[in-house]
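This report goes through a structure by its confidence, its helix packing and the surroundings of its ligand.

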Amino acid sequence: MTNSGNGDGLSLQQQVEILKQQLAQSQRLTALGELVSTTTHEFNNVLMTILNYAKMGVRHKDAATRDKCFEKILASANRAATITNTVLGMARNRSASQEATDLVKLVDNTLLLLEREMNKYRVVVEKSYQQIPLALVNGNQIQQVLLNLLINARQAMPSGGRLWIKLLYDAENNMVDMVIRDNGCGIPADKLPRIFESFYTTKSGPDASGKGGTGLGLSMCRDIIESHHGRIRVDSTVGKGTAFTLKLPVAKEAPKQPASTPSVAIAAAPTATLTN
Ligand SMILES: Nc1ncnc2c1ncn2[C@@H]1O[C@H](COP(=O)(O)OP(=O)(O)OP(=O)(O)O)[C@@H](O)[C@H]1O
Ligand SMILES: [Mg+2]
């Protein structure tokens with residue numbers, strides 16, 4: 001008798017492992033697809049700026065105006081280069097290797113990709129970065145996590161709001177903390193334990209920007225953070241907002257320095273917290 005079917009000769013555990021890997025691969029592709037659609041719009045925006053200043057430079061012959069136009073064109077072209085490099089980096093890099101990474105640069109580049117989208121939904125982004133050491137991470141994976149957290153935050157504020165992103169050094173644990181906080185709808189305490197489950201979603205499907213609704217975002221975030229031996233924690237208050245805190249390992253023993261702020265400052269009580 002011949003055997004047929006996919007799972008031949010493999011234990012149930014091995015089959016689950018293979019399916020998990022396939023799921024991770026399709027999550028990566030979904031993230032890439034979302035990134036491509038976001039960046040295409042963003043790129044087009046930059047191109048419009050370049051075109052307009054080039055036209056202005058052609059029309060106005062005086063040196064001062066032309067200098068200004070060239071400066072604007074140069075800045076926009078640099079922005080365009082950052083955008084394409086980020087997408088190409090994510091598309092090319094399939095390795096899971098973890099390297100010393102500048103999280104300030106990673107956060108800035110990611111925010112650059114979402115600038116237009118945040119403006120469109122009237123979300124004001126506030127950044128605050130403390131002095132932090134390099135983190136030992138896979139930059140692409142952490143960017144994927146960050147994109148999902150930022151898009152979740154944006155979706156929790158359908159009529160606009162505020163998003164705070166903080167980077168700080170937790171000297172006591174020698175970890176880098178990344179906090180993403182919004183003042184959106186919040187998550188009810190009884191739903192909080194479910195948000196990291198695969199396929200748990202409260203969204204009816206992709207929104208007008210084609211994002212959200214599969215319920216895989218946070219489960220992917222948790223898997224990625226776990227593979228970094230990091231931590232992901234959520235604090236949320238209905239009607240006040242939600243804060244996700246990521247704790248990531250530093251690249252090497254950083255010099256102990258006094259931490260100027262306690263590790264996390266989160267919205268007022270009553271607050272539900274869940275740590276993974
Ligand atoms: N910042 C937030 N504010 C309020 N609710 C949130 C926030 N982040 C996540 N949630 C809740 O957790 C659920 C799960 O989030 P998750 O990112 O895993 O899936 P999703 O955003 O629904 O879909 P996708 O897989 O496309 O990301 C969301 O549907 C939402 O109800
Ligand atoms: Mg999501």
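How many contacts beyond four places in sequence does the model have for residues 258-270, where pLDDT stays under 50? For residues 258-270 the model has 22 such contacts, two residues being in contact if their C-beta atoms, placed from the backbone, lie within 7 Å.

## Model and confidence

This is a predicted model, in which local features need pLDDT of at least 70 and side-chain atom pairs count only at pLDDT 80 or more, while totals for chains, interfaces and linings use all residues. Residues are numbered from 1 along each chain as its sequence is written, and chains are lettered from A and ligands numbered from 1 in the order in which they are written.

The protein chain has a mean pLDDT (the predictor's confidence in each residue, from 0 to 100) of 85, with 88% of its residues at 70 or more. Residues 1-5, in contrast, have pLDDT below 50, and the model gives this stretch one contact beyond near neighbours in sequence.

## Packing of H1 and H2

Helices here are DSSP runs (H or I, at least four residues), numbered from the N terminus. Helix H1 (residues 12-59) packs with helix H2 (residues 63-92) at an angle of about 165°, their axes being 9 Å apart; axes are lines fitted to C-alpha atoms over the stretch in contact, and angles run from 0 to 180 degrees between N-to-C directions. H1 and H2 are therefore roughly antiparallel, a term for angles over 145 degrees.

The contact of H1 with H2 has 18 nonpolar, five polar and four charged residues, where Ala, Val, Leu, Ile, Met, Phe, Trp, Tyr, Cys and Pro count as nonpolar, Asp, Glu, Lys and Arg as charged, and the others, Gly among them, as polar.

## Packing against H3

H2 and helix H3 (residues 103-120) have axes 10 Å apart at an angle of about 105°, and are therefore roughly perpendicular, as angles of 65 to 115 degrees are called. Arg-79, Thr-82, Ile-83 and Thr-86 of H2 meet Asn-109, Leu-112 and Leu-113 of H3.

The axes of H1 and H3 come within 9 Å and cross at roughly 80°. In this contact the residues divide into three nonpolar, four polar and four charged.

## Around ligand 1

The shell around ligand 1 has 22 residues, of which Ala-156, Thr-201, Thr-202, Gly-217 and Leu-218 come nearest; a residue is near a molecule if its C-beta atom, placed from the backbone, lies within 6 Å of it. Helix H4 (139-155) and helix H5 (217-227) each supply at least two residues of this shell, which divides by class into eight nonpolar, 12 polar and two charged residues.

Key. Angles under 35 degrees count as roughly parallel, over 145 as roughly antiparallel, 65 to 115 as roughly perpendicular and the rest as oblique.
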